[in-house]
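Subject: Structure handover

Hello,

Here is the structure I promised to pass on. Please open it alongside this message.

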Amino acid sequence: MTPRARTVARRVVVVGVVAVQLAFIARGYWADHKQFAFQPFPEASTWRAEIVRVTTDGRRIPIDRPWAGYRWEELVTDRGLRYPGIRHHADTGLDNQLAFLDSALDWVAENTQRDRETRYLEARVTAWHNDDPPRERTFRSAEREGGG
Amino acid sequence: MMVARFDELLARPVSMRALALLRVLAGPVVLLHLEPFLSDALDGETYRDSFYEPYASWYPEPPEAVYIGLLCLAVIAATAMSLGLLTRAATATTFALVAYNVFLSTTHYQSNRAYLIIVLAVLALAPCGRELSLDAWIRRRRGRPALDPSAPGWPLWLLRFECAAVYGASGLSKLVDPDWFGGFVTWKRVADARDDLEAWPLPDWAISALTDADFHAVAAKFVVFTELFIALGLWWRGSRYAAVWVAVIFHLSIEASASVQVFSVLAIAVLLIWTVPSTRDRVLRIDPASARQRRFGAAVGALDWLARFRVEPAAPGAPIEVDDRDGTVLRGAPAVALALSRLPLTAWFALPALLLPFVRSARRAGRPGIGAPAPASGRVGGR
């Protein structure tokens, strides 16, 4: 590499890294997942969810009952989602927490092949953003192909 | 003109000593970071056994046995990085494996892990294995000349930017959030954890204060301005020592009150990069005939991991003397305080001593032109 190319390469790398870092920090103000935004302890928000399996015949069965050899707390062990029925802090912010919950519903729907009766999973979430009044939201997994 | 000055700054040769020491310390931090992944793996559990979420469908996911093998390889690489054995390859491997593992799933992401990836990336880019390493020792044993321990400073400046960005981003996000700045967030978190708080050996008045909303209305602002002070104060020589000192307390209090994985140890270790990137540009003079001074010289030699001092003999009967980088000459207790304030392990304890009136007046009196001789050597690549 010529000295000139080396100089330009250094400049590009440093300016590029600084620009990307600043972009990540800015992105943290609107994105659910705030990678490289460095916003620790963002909220005192709390949440809880009643999650049910909706079966092909329309029954709504809470996921705190084991099904087809599965247990929610063994399938979803991370990100504070293990016991969704208990009111928890949203450690990395409410949006982030609920984005993970939404993804977890999809993951469970896709990775419970022995379950032949569930059409989809549904979470009714009650969320308290800091000291705001509670808000209700509903999340659904994708429809399961094997359901029924 | 501006671009030329910028290029000169990036290319300026500076000592890589601080990055070399950070590399040594980063190894154990990586091992701590890997511990939960390895512990699960040894229990037969990997990330694929429960909910995870890939960032992209094309991101390669290895079979379980290969994944566990990669974790073990990361342990070996981190150990080699820390020891400085095949340093460049070991550091690059550690960075690649840690980053690969974190980016396997959105659920693996934590701010402390992002910071660790950034630090490892910089260490992989910087030639920081030329000292404090087995590579350097092996080179010496083979009779080959030591490699130049200085290199273009841009990786160091980049890591300084990232370090300040971590504090700045955190402080700014809290500053612009009325719930945070007003104290609600910290008050609610503490009030909800009151049962845990009461299990601590704290007097009732302390628990009452900590769960009082008015206290948090003030404390939250203190936290925000502390973070912003660290982010900005690190950049100026006049405030840098104070910023580092405050940052250490800040991290220790976070560590005591929250679960932040490797963040505290990593962030404290990274503070080393704010030392002036030049070495052996201070002189510690000791009287070899004095057992006390010999012991002090030996202690400084053993703890001077950032290579701040050259230790030279003083005239018989002379007190301990330090020639600072700017030519200031100190003798006796002020010299001891200054020396201890420049060693990584003792700096936090000794820095407040520099504010004592007799030390301040000794430093004023010892400045060049006021009675002390001019420095023998100037600053090297100083910033």
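Below is what I found, taken topic by topic. Please keep in mind that this is a predicted model.

**The cores**

Start with the largest nonpolar core, which has 70 residues. Four of them touch the most other members: B:Leu19, B:Val119, B:Leu123 and B:Leu266. Several helices of chain B supply at least two residues each. They are α2 (17-42), α3 (64-83), α4 (87-102), α5 (111-125), α7 (154-175), α12 (213-233), α13 (237-257) and α14 (263-270). Which helix gives the most to this core? It is α7(B), with eleven residues.

B:Leu123 is worth a click. Setting aside neighbours within four places in sequence, B:Leu123 is in contact with B:Leu19, B:Leu22, B:Arg23, B:Ala26, B:Thr91 and B:Cys128.

There is also a second, separate core of 26 residues. Its members include A:Leu94, A:Leu98, A:Ala104 and B:Tyr47.

**α2(B) against α3(B)**

These two helices pack at an angle of about 160°, and their axes are 8 Å apart. The cut-off for roughly antiparallel is over 145 degrees, so α2(B) is roughly antiparallel to α3(B). The crossing of α2(B) past α3(B) is left-handed. On the α2(B) side, the residues that meet α3(B) include B:Arg23, B:Ala26, B:Leu34, B:Phe37 and B:Ala41. On the α3(B) side, B:Ile68, B:Leu71, B:Val75 and B:Ser82 are among them. By class, the residues of this contact are 15 nonpolar, three polar and one charged.

**B:Phe37**

B:Phe37 sits in helix α2 of chain B. Is it buried or exposed? B:Phe37 is buried, because 21 other C-beta atoms lie within 10 Å and the cut-off is 20 or more. Not counting residues up to four places away in sequence, B:Phe37 touches B:Leu71 and B:Asn101. B:Phe37 and B:His108 are 71 residues apart in sequence. In space, they are 9.9 Å apart, C-alpha to C-alpha.

**α3(B) against α4(B)**

The axes of α3(B) and α4(B) come within 8 Å and cross at roughly 140°. The two helices are therefore oblique to each other. Here, too, the crossing of α3(B) past α4(B) is left-handed. From α3(B), the residues in this contact include B:Leu70, B:Leu73, B:Ala77 and B:Met81. From α4(B), they include B:Thr87, B:Ala90, B:Thr91 and B:Leu97. The contact of α3(B) with α4(B) has ten nonpolar residues, four polar and no charged.

**Helix α9(B)**

Helix α9 of chain B covers residues 184-192. Its buried residues are B:Phe184, B:Val185, B:Thr186, B:Trp187, B:Lys188 and B:Val190. What do they pack against? They pack against α8 (178-181), α10 (194-199), α11 (204-210) and α12 of chain B.

**Where the chains meet**

The contact takes 27 residues from chain B and 32 residues from chain A. On the chain B side, α1 (2-11), α5, α7 and α9 give two or more residues. Again α7(B) gives the most, here with nine residues. By class, the chain B side has 15 nonpolar, six polar and six charged residues.

Best wishes

Note on methods
Residues are numbered from 1 along each chain as its sequence is written. Chains are lettered from A and ligands numbered from 1 in the order in which they are written. This is a predicted model: local features need pLDDT of at least 70, side-chain atom pairs count only at pLDDT 80 or more; totals for chains, interfaces and linings use all residues. A nonpolar core is a set of buried Ala, Val, Leu, Ile, Met, Phe, Trp, Tyr and Cys residues joined through C-beta atoms within 7 Å. A residue is buried if 20 or more other C-beta atoms lie within 10 Å of its own, exposed if 12 or fewer, and partly exposed in between; C-beta atoms are placed from the backbone. Helices (H or I, at least four residues) and strands (E, at least two) are DSSP runs, numbered from the N terminus. Two residues are in contact if their C-beta atoms, placed from the backbone, lie within 7 Å. Axes are lines fitted to C-alpha atoms, for helices over the stretch in contact, and angles run from 0 to 180 degrees between N-to-C directions. Angles under 35 degrees count as roughly parallel, over 145 as roughly antiparallel, 65 to 115 as roughly perpendicular and the rest as oblique. A crossing is left-handed if the near helix is turned anticlockwise from the far one by less than a right angle, and right-handed if clockwise. Ala, Val, Leu, Ile, Met, Phe, Trp, Tyr, Cys and Pro count as nonpolar, Asp, Glu, Lys and Arg as charged, and the others, Gly among them, as polar.
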